[in-house]
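Please consult the sequence and the coordinates alongside the text.

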Amino acid sequence: MAQIWLKDRVDSAFITQTVCLDDVTIRFEIWDTAGQERYHTLAPMYYRNAQAAIIVYDITNQDTFGRAKSWVKELQRMAPPNIVIALAGNKADLPTSRRCVEYSEGEAYAEENGLLFMETSAKTAMNVNEIFVEIAKKLPKKEVNNGQGGRRLVETAEAPKTSNCCK
């Protein structure tokens, strides 16, 4: 199972998300710790063993982009060294006249810091599944015995395959 830590919600929450990638099913355990600063002191217990993190900012609010940068720096300093970090600019469904953070600004910051980057919409689900798929592609792989004398590469977050999800 992959643990993902999300940053940007009103309340702290736990959800799961399953992603099928090639012949591997990855079950993400998502600890959403909210965008409120009152959760800042609790954040390390969520990202300590995380394999990935998604830092979310609001494209209509420049301050949230600044806070997202702070969270990225903290993760780079304190989280496991091989953590996959994604930066998501949320509310991409809104008219461009409401935008305060340009796509190119988020993309450039992500590129400079080795992050995955995608603009999303929680309201319309635009790019929500896609960001999980891109994270799944970046998760470290390990070699395991396939039980028939051979070996294969799998996602370190592999979960048991469930019915028809990868077809």
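**Briefing on the predicted model**

E134 has a relative accessible area of 28% and is therefore partly exposed, where buried means under 20% relative accessible area, exposed over 50% and partly exposed in between, with a 1.4 Å probe and protein chains only. The model is predicted: local features need pLDDT of at least 70 and side-chain atom pairs count only at pLDDT 80 or more, while totals for chains, interfaces and linings use all residues. Residues are numbered from 1 along each chain as its sequence is written, and side-chain values use heavy atoms, with hydrogens and water left out. Helices (H or I, at least four residues) and strands (E, at least two) are DSSP runs numbered from the N terminus.

**Salt bridges**

- Three salt bridges are present in the structure, each defined as a side-chain nitrogen of Lys or Arg within 4 Å of a carboxyl oxygen of Asp or Glu.
- Side chains of opposite charge can pair when their charged atoms come close.
- E134 pairs with K137 in one of these salt bridges, with 3.2 Å between the closest N and O atoms.
- Helix α4 (residues 128–138) holds both E134 and K137, which are three residues apart, or about one turn of the helix.
- K137 counts as partly exposed because its relative accessibility is 44%.
- A salt bridge also joins D58 to K91, where the closest N and O atoms are 3.0 Å apart.
- Because D58 belongs to strand β4 (residues 52–58) and K91 to the loop between β5 (84–90) and α3 (103–112), this pair ties together parts that are 33 residues apart in sequence.
- D58 counts as buried because its relative accessibility is 13%, whereas K91, at 32%, counts as partly exposed.
- R99 and E119 form a further salt bridge, their closest N and O atoms lying 2.7 Å apart.
- This pair links distant parts of the chain, 20 residues apart, with R99 in the loop between β5 and α3 and E119 in strand β6 (residues 116–119).
- R99 is buried at a relative accessible area of 18%, and E119 is buried at 8%.

- Seven of the seven residues of β5 are buried, leaving the strand mostly covered.
- From β5, the residues V84, A86, A88 and N90 point one way and I85, L87 and G89 the other way, and all are buried.
- Strands β4 and β5 run parallel and are joined by seven bridges, pairing being assigned if DSSP finds at least two bridges between two strands.
- I55 has L87 of β5 as its bridge partner.
- The chain passes from β4 through α2 to β5 in a right-handed β-α-β crossover; right-handed means that, with the strands pointing away from the viewer, the path from the first strand over the helix to the second runs clockwise.
- Four bridges pair β5 with β6, again in the parallel sense.
- F117 in β6 stands opposite L87.
- From β5 the chain crosses through α3 to β6, and this β-α-β crossover is right-handed.

**Helix α2**

- The 17 residues of α2 (residues 62–78) should span 24 Å at 1.5 Å a residue, and the end C-alpha atoms are 25 Å apart, which agrees; the expected span is 1.5 Å times one less than the number of residues.
- N61 caps the N-terminal end of α2, with a side-chain oxygen 2.9 Å from the backbone nitrogen of D63.
- The buried residues in α2 are T64, F65, A68, W71, V72, E74 and L75.

**Aromatic pairs**

- Four aromatic pairs are found in a search of the whole structure; rings of Phe, Tyr and Trp (its six-membered ring) pair if their centres lie within 6.5 Å, and planes under 30 degrees apart count as stacked, over 60 as edge-to-face and the rest as tilted.
- F28 and F132 form a tilted pair, at 5.4 Å centre to centre and 55° between the planes.
- F28 in strand β3 (residues 24–32) and F132 in helix α4 are 104 residues apart, and their pair links distant parts of the chain.
- F28 and F132 are both buried.
- The ring centres of F65 and Y109 are 6.0 Å apart and their planes stand at 75°, so this pair is edge-to-face.
- F65 lies in helix α2 and Y109 in helix α3, so the pair ties together parts that are 44 residues apart in sequence.
- Both F65 and Y109 are buried.
- Y57, F65 and Y109 are linked into a cluster by ring pairs.

Technical notes
Polar contact = N/O pair within 3.5 Å; in protein donor to acceptor, adjacent residues only side chain to side chain.
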